[in-house]
Amino acid sequence: MQIQDLPYRDPGVPDARSGPRLLWWLGRSQAGGQLQSLAWGLVHFPAVSAQPFVVGYAVQAVVDRSGSRLALAGALMLLCGVASTLGDTFLHRAAVTNWITAAARVQQLLARKASLLGSALTRRVAAGEVVAVSTGDVEKVGWFVESVSRFTAAALTVVLVCVGLLVYQPALGAVVAVGVPVVALAALPLLPRATRRADVQREKAGRATELASDTVAGLRVLRGIGGEELFLDRYRAASQDVRHAAVRSAGMWALISALQGLLPGLLLVGVVWYGVGLAQEGRVSVGELVTVYSSVAVLSYPLRHFEEIAMAYSFSRPSAERAARVLSLERGADEASEASGTSGTSRASGASEALAGDVPSGDLYDPGSGLLAPSGMLTAVVCGDPDAAGRLAERLGGHSAEEGPSVLLGGVALDGLPLGVARTAVLVQDKDPVLLSGSLRELLDVPSSGAVTADSALAAARCEDVLDALAQGSPGDPMDAHVTERGRSLSGGQRQRLALARSLVTDPEVLVLDEPTSAVDSHTEARISEGLRGLRKGRTTVVFTSSPLLLDTADRVVLLDGGEVAAVGTHRELLRDEGRYREVVTREPSEDSSAVPAPPDADSVVPEPEKIEESA
């Protein structure tokens, strides 16, 4: 895999049982790149380490006044230089490729998991942690994955040099062979403490990132209530905590780095001191002493990779743990089926008539609440508990994170269908839809049936003023105007209408809308209800709302009480006969709902959309 070939067509199925297992899986998944990096490392490091032997050979040739041996030493030095340069160039190229591709693989896996979990992800993992995992953590994971091959090449080179010195000059080689492992492993006792301090730093940084993310997302509200200074003070405190933790962590790593610089120097002094004594006794030649001295000096280069691999693992292990925790999340319904003994095969038996890729149609039925949305009709659902309404809306989309029986579409269990097929059949727009940054054309460029154009969807959602506002900020075609992240430059009602237009463009078999007009004025809401009914004619639509304007447009209205269907009828029938319904819709509490008399004229409670337009 090369960088230009990204993204992966299939990033694979990760081993997310733990952080170390995820790192091991990533290494195995990139075996080709790891072997390539290892091969170039075994060219580069030995070529660098061989130069002291050549230098010693050249010095001895000068002492012996041998021109031929000196010429041979020059040729060998040139060969080592070329090999070192080529090895270093392609080693760096292979290492960067391994780093980026490993990080990209994890990012694709995280994106796939986020798509699978949907809104259930942010209920299980804080948004700040998701951001931290998908940005900084993937880079640390990629760092360790790519450094393994370089460390392996460096370790093999150190072993090769020690063996070579033992053969070349046994007396001095024995000192080097004993001292090098001590130098390489001296920092091990300090690693647990350094790792703990690094973990504390990352934990505090994650909390600060989460606080910053939440503050930016709610900045408009904070300014409205004058709370930006309070949250700014909180972020300052969190930032200072991160700084103090980073200083403590850096101090420990500075100590480890100091040891890695001090101990090789002490070894070098010891080798020179012992070697000079041997030279004075005539037991070693000048060339042998120069060779051993130069080899020990050069060994500090591959030995630095021992420190790097320790640091890389220390930083990447917690990052891999967090990534594995996100990647191991499963939808609650699947876990519930396994816990209750319901196999995936038996769950899918209800979908035996639907082939993978076939989109079922028909009535939408939720066995848990008894909610039935007849095919081709606009069904409005009234629920006094907004959280319960949101959970039911999500459950209607299939593959819900909640326990319970599967929702049926045309008698086919949605949970038994592939997730992509279920989401093609039923589209759920929650009460807080997200607008991605980009042009309006890109925002509406979503998978769809092709039956609904962007213009008709925008017209049905009454986005005329949104187009005018975008056109003022960007002269030209409003479809090419830029929509900022989450649509922060737009009002709440404008964001809602753009999100509704995006949902209408998809033209799914079943469209579920959760409070799609809660931030829209009454006049615009009346026009939206007409546009929604006209554009979705003949298609199944479920709207969770307590707005009389939308309720009066629906073909049938369902009242939920305690999570179950309590009454079914038209808006005016329920307004006349159901006290509980009047409490939710008119927001007029009473001690005895059933004793509340029906109004003599429903129009006095619920104005017709036409009248609203006239009054406007």
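Q: How many bridges join strand 4 to strand 5?
A: Two bridges, with strand 4 (residues 408-409) and strand 5 running antiparallel. Keep in mind that this is a predicted model. Within that pairing, Leu409 has Val412 of strand 5 as its bridge partner.

Q: And what order do the strands of that open sheet come in?
A: The order is 2-1-4-5, four strands with antiparallel pairing.

Q: Which strands stand at the edges there?
A: Strand 2 (371-373) and strand 5 (412-413). Each has a single partner strand, so one side of each is left without a neighbour in the sheet.

Q: OK, what about the sheet of six strands, what's the order?
A: That open sheet goes 6-9-10-3-11-12, and the pairing is mixed. Its edge strands are strand 6 (426-429) and strand 12 (564-569), each pairing on one side only. From one strand to the next, the twist averages 20°.

Q: Remind me, how do strands of a sheet pair in general?
A: Through backbone hydrogen bonds, either parallel or antiparallel.

Q: So is the pairing of strand 9 and strand 10 parallel or antiparallel?
A: Parallel, over five bridges, with strand 9 covering residues 510-514. Val510 has Thr540 as its bridge partner in strand 10. To get from strand 9 to strand 10 the chain goes through helix 19 (residues 522-535), and that β-α-β crossover is right-handed.

Q: Over how many bridges do strand 3 and strand 10 pair?
A: Four, in the parallel sense, with strand 3 being residues 378-383. Strand 3 also pairs with strand 11 (residues 556-561), in the parallel sense and over five bridges.

Q: Switching topic. How many aromatic pairs does a search of the whole structure find?
A: Seven. One of the pairs is Phe53 with Tyr168, with ring centres 5.8 Å apart and planes at 80°, so that pair is edge-to-face.

Q: Where do Phe53 and Tyr168 lie?
A: Phe53 is in helix 2 (residues 31-63) and Tyr168 is in helix 5 (residues 127-168), so the pair ties together parts that are 115 residues apart in sequence. Phe53 counts as partly exposed at 26% relative accessibility, and Tyr168 also counts as partly exposed, at 33%.

Q: And what's the geometry of the Trp143 and Phe315 rings?
A: Their centres are 6.4 Å apart and their planes are at 45°, so the pair is tilted. This pair links distant parts of the chain too: Trp143 is in helix 5 and Phe315 in helix 10 (residues 286-327), 172 residues apart.

Q: Is Trp143 buried or exposed?
A: Buried, with a relative accessible area of 17%. Phe315 counts as buried as well, at 16% relative accessibility. Trp143 and Phe315 form one aromatic cluster together with Trp253.

Q: Helix 2 came up. What should its 33 residues span?
A: At 1.5 Å a residue, 48 Å, and the end C-alpha atoms are 48 Å apart, which agrees.

Q: What about the 16 residues of helix 6, what should they span?
A: Helix 6 (residues 170-185) should span 22 Å, and its end C-alpha atoms are 23 Å apart, which agrees.

Q: Which residue caps the N-terminal end of helix 6?
A: Gln169 does, with a side-chain oxygen 3.2 Å from the backbone nitrogen of Ala171. As for burial, the buried residues of helix 6 include Leu172, Val176, Val180 and Val183.

Q: Last one: what does the His571 side chain make a polar contact with?
A: The side chain of Tyr581, at 2.7 Å. His571 lies in helix 21 (residues 571-577), and it is buried, with a relative accessible area of 2%. The C-alpha atoms of His571 and Leu550 are separated by 9.4 Å, with the two residues 21 apart along the chain.

Key
Residues numbered from 1 in each chain as written. Predicted model: local features only at pLDDT ≥ 70, side-chain atom pairs only at ≥ 80, totals over all residues. Heavy atoms only, no water. Pairing = 2+ DSSP bridges. Right-handed = clockwise from strand over helix to strand, strands pointing away. Expected span 1.5 Å × (residues − 1). Buried < 20%, exposed > 50% of the residue type's maximum accessible area, 1.4 Å probe, protein only. Polar contact = N/O pair within 3.5 Å; in protein donor to acceptor, adjacent residues only side chain to side chain. Axes fitted to C-alpha atoms, helices over the stretch in contact; angles between N-to-C directions. Phe/Tyr/Trp six-rings, centres within 6.5 Å; stacked < 30°, edge-to-face > 60°.
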